[in-house]
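I opened my notebook to look up a few things in this structure. I went residue by residue and wrote down what I found.

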Amino acid sequence: MPQISADLLDQLCSLVQQLREGSVAFQDNHADAQLWYDRGYANGILRGLQRLLAQESLCGQVLDDESLLQGHEVMAWGKAYRHGERVGEQETYEISGMK
C-alpha cells in the first residue's frame with residue numbers, strides 16, 4: 001500500500017480543515033465562486049487521499065455528499081466547485097509523488 005509521510009498528511013489535513021472552515025457557507029453564496037472552488041479543492045484533496053491510501057475517512061472528514069451539487073452543476077459556482085475538486089485531487093497526487 002502506498003505511503004504518505006505523516007508530516008505531509010498532517011499538512012494536507014490542516015489545509016482541508018482551513019478550506020472547509022473558510023467555505024462553510026458556500027451553498028448560500030452563489031455569487032462567490034471562490035468559496036465554491038475552495039470547498040471543491042478541499043473535497044479533491046480528500047478524494048485523492050482516499051484513493052491513494054484506500055481509506056474512507058481521513059482527516060476526520062468525509063467527502064461532500066453529491067446531493068450538495070444537485071442543480072448547481074451547470075452554474076458558474078458549480079463549475080468552480082468541480083474545477084477546484086479536480087485541481088485539489090491532481091495536486092494531492094503530484095505532491096505525494098504517487099499517481
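**Entry 1: The loop between α1 and α2**

I began with alanine 25, which sits in the loop between α1 and α2. I am working on a predicted model. Is alanine 25 buried, partly exposed or exposed? Its relative accessibility is 32%, so I wrote it down as partly exposed. Then I looked up how far alanine 25 is from glutamate 91. In sequence, 66 residues separate alanine 25 and glutamate 91. In space, their C-alpha atoms are 24 Å apart.

Next I turned to glutamine 27. Glutamine 27 also belongs to the loop between α1 and α2. I found a relative accessible area of 34% for glutamine 27, which makes it partly exposed. Which residues does glutamine 27 touch, if I skip those up to four places away in sequence? I listed Trp36 and Leu68. I also checked glutamine 27 against leucine 63. They are 36 residues apart in sequence, and 16 Å apart from C-alpha to C-alpha.

**Entry 2: The whole chain**

I stepped back to see the fold. How many helices and strands does the chain have? I counted three helices and zero strands. Along the sequence the pattern reads α-α-α. The radius of gyration is 13 Å, close to the 13 Å that the globule rule gives for 99 residues, so the chain is as compact as a globular protein of that length. I noted the span of the C-alpha trace along its principal axes as about 40 × 20 × 20 Å.

Of the 99 residues, 44% count as buried. The accessible surface is about 5600 Å². Carbon and sulfur atoms hold 51% of that surface.

I also looked up contacts between residues at least 6 apart in sequence. Of these, 67% join residues at least 24 apart. The chain has 8 positive and 15 negative charges, and I found their mean positions 7 Å apart.

I picked glycine 44, which lies in helix α2, residues 33-53. Is glycine 44 buried or exposed? Its relative accessible area is 0%, so glycine 44 is buried. What does glycine 44 touch, not counting residues up to four places away in sequence? I wrote down Glu85, Gly88, Glu89 and Thr92. I looked at glycine 88 again. Glycine 44 and glycine 88 are 44 residues apart along the chain. Their C-alpha atoms are separated by 4.4 Å.

Arginine 47 came next. I found arginine 47 in helix α2 as well. At 19% relative accessibility, arginine 47 counts as buried. The cut-off for buried is under 20%. Leaving aside neighbours within four places in sequence, I listed Leu63, Glu85 and Glu89 as the contacts of arginine 47. Glu85 and Glu89 were on my list for glycine 44 too.

**Entry 3: The disulfide**

I searched the whole structure for disulfides and found one. A disulfide is a covalent bond between the sulfur atoms of two cysteines. Here the pair is cysteine 13 and cysteine 59, with their sulfur atoms 2.0 Å apart. Which parts of the chain does the pair link? Cysteine 13 is in helix α1, residues 6-22. Cysteine 59 is in the loop between α2 and α3, where α3 is residues 76-96. The two cysteines are 46 residues apart, so I noted a link between distant parts of the chain.

I checked the torsion about the S-S bond. The torsion is about -70°, so the disulfide is left-handed. Cysteine 13 counts as buried at 18% relative accessibility. Cysteine 59 is partly exposed, at 23%.

**Entry 4: Positive phi**

I finished with backbone angles. Most residues other than glycine have a negative phi. Where did I find a positive phi in a residue that is not a glycine? One is alanine 54, with phi at about 55°. Alanine 54 lies in the loop between α2 and α3. At 61% relative accessibility, alanine 54 counts as exposed. Another is cysteine 59, with a phi near 60°. Cysteine 59 is also in the loop between α2 and α3.

Note on methods
Residues are numbered from 1 along each chain as its sequence is written. This is a predicted model: local features need pLDDT of at least 70, side-chain atom pairs count only at pLDDT 80 or more; totals for chains, interfaces and linings use all residues. Side-chain values use heavy atoms; hydrogens and water are left out. Helices (H or I, at least four residues) and strands (E, at least two) are DSSP runs, numbered from the N terminus. The radius of gyration is taken over C-alpha atoms; the globule rule is 2.2 Å times the number of residues to the power 0.38. Buried means under 20% relative accessible area, exposed over 50%, partly exposed in between (1.4 Å probe, protein chains only). Contact means heavy atoms within 4.5 Å. Accessible areas come from the Shrake-Rupley method with a 1.4 Å probe; for residues, only the protein chains shown count as cover. Lys and Arg count as positive and Asp and Glu as negative; His and the chain ends are not counted. The place of a charge is taken as NZ of Lys, CZ of Arg, CG of Asp or CD of Glu. A disulfide is a pair of cysteine sulfur atoms within 2.5 Å.
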